[in-house]
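Subject: Structure handover

Hello,

Here is the structure I promised to pass on. Please have it open while you read; my notes follow.

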Amino acid sequence: KVLERQEKDADALKSLEHSFLRFQAELPLQYVRREDYVRNQTVLEAKIDRVFTKLEFIQERSNKQ
């Protein structure tokens, strides 16, 4: 009985380990770190600001002509 219980426990542990490894592999696909999100958001906002500045410049040039 003790041997059977140890085998069941070993199988359960292997299953748990397999599930955890699968979780670790899938985690980067589903999770974005806060620092990464903030960095990407900052880059996007900077690009939008540059486009806005260029549009303002073009608008000012067209108003002067």
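Is E60 buried, partly exposed or exposed? E60 is partly exposed, at a relative accessible area of 47%. The classes are: buried under 20% relative accessible area, exposed over 50%, partly exposed in between (1.4 Å probe, protein chains only).

Some ground rules. This is a predicted model, in which local features need pLDDT of at least 70 and side-chain atom pairs count only at pLDDT 80 or more, while totals for chains, interfaces and linings use all residues. Residues are numbered from 1 along each chain as its sequence is written, and side-chain values use heavy atoms, with hydrogens and water left out.

Overall shape

The protein has 2 helices and 0 strands. Its radius of gyration is 28 Å, well over the 11 Å from the globule rule for 65 residues, so the protein is more spread out than a compact globule. That radius is taken over C-alpha atoms, and the rule is 2.2 Å times the number of residues to the power 0.38. Along the principal axes, the C-alpha atoms fill a box of roughly 95 × 15 × 10 Å. Buried residues come to 0% of the 65. The protein exposes about 6900 Å², and carbon and sulfur atoms supply 57% of that area. Accessible areas come from the Shrake-Rupley method with a 1.4 Å probe; for residues, only the protein chains shown count as cover.

The helices

Helix α1 covers residues 2-30. Helix α2 covers residues 34-64. Both names follow the DSSP convention: helices are runs of H or I of at least four residues, strands are runs of E of at least two, and numbering starts at the N terminus.

The 29 residues of α1 should span 42 Å at 1.5 Å a residue, and its end C-alpha atoms are 41 Å apart, which agrees. The expected span is 1.5 Å times one less than the number of residues. There is a kink in α1, though: about 25° at Q24, shortly before the proline P28. The bend is the angle between axes fitted to the seven residues ending at a residue and the seven starting there.

E60 belongs to α2. N63 is exposed, at 60% relative accessibility. The C-alpha atoms of N63 and F23 lie 58 Å apart, at a separation of 40 residues along the chain.

Salt bridges

The count is 3. The rule asks for a side-chain nitrogen of Lys or Arg within 4 Å of a carboxyl oxygen of Asp or Glu.

- R5 and D9 pair at 3.8 Å, N to O. They are 4 residues apart in α1, about one helical turn. R5 is exposed at 53%, while D9 is partly exposed at 40%.
- R39 and D36 pair at 3.2 Å, N to O. They sit 3 residues apart in α2, again about one helical turn. R39 is partly exposed at 48%, and D36 is partly exposed at 28%.
- E35 and R33 pair at 3.3 Å, N to O. E35 is partly exposed at 46%; R33 is partly exposed at 49%.

Why does spacing matter in a helix? An α-helix has 3.6 residues a turn, so residues three or four places apart point the same way.

Surface patch

One nonpolar patch is worth a look. F20, L21, F23, L27 and Y31 form it on the surface, with about 520 Å² of accessible area together. Patch members have over 30% relative accessible area and no salt bridge; like charges are joined within 9 Å, nonpolar side chains (Val, Leu, Ile, Met, Phe, Trp, Tyr) within 5 Å. L27 lies in α1. It is partly exposed, with a relative accessible area of 34%.

Best wishes
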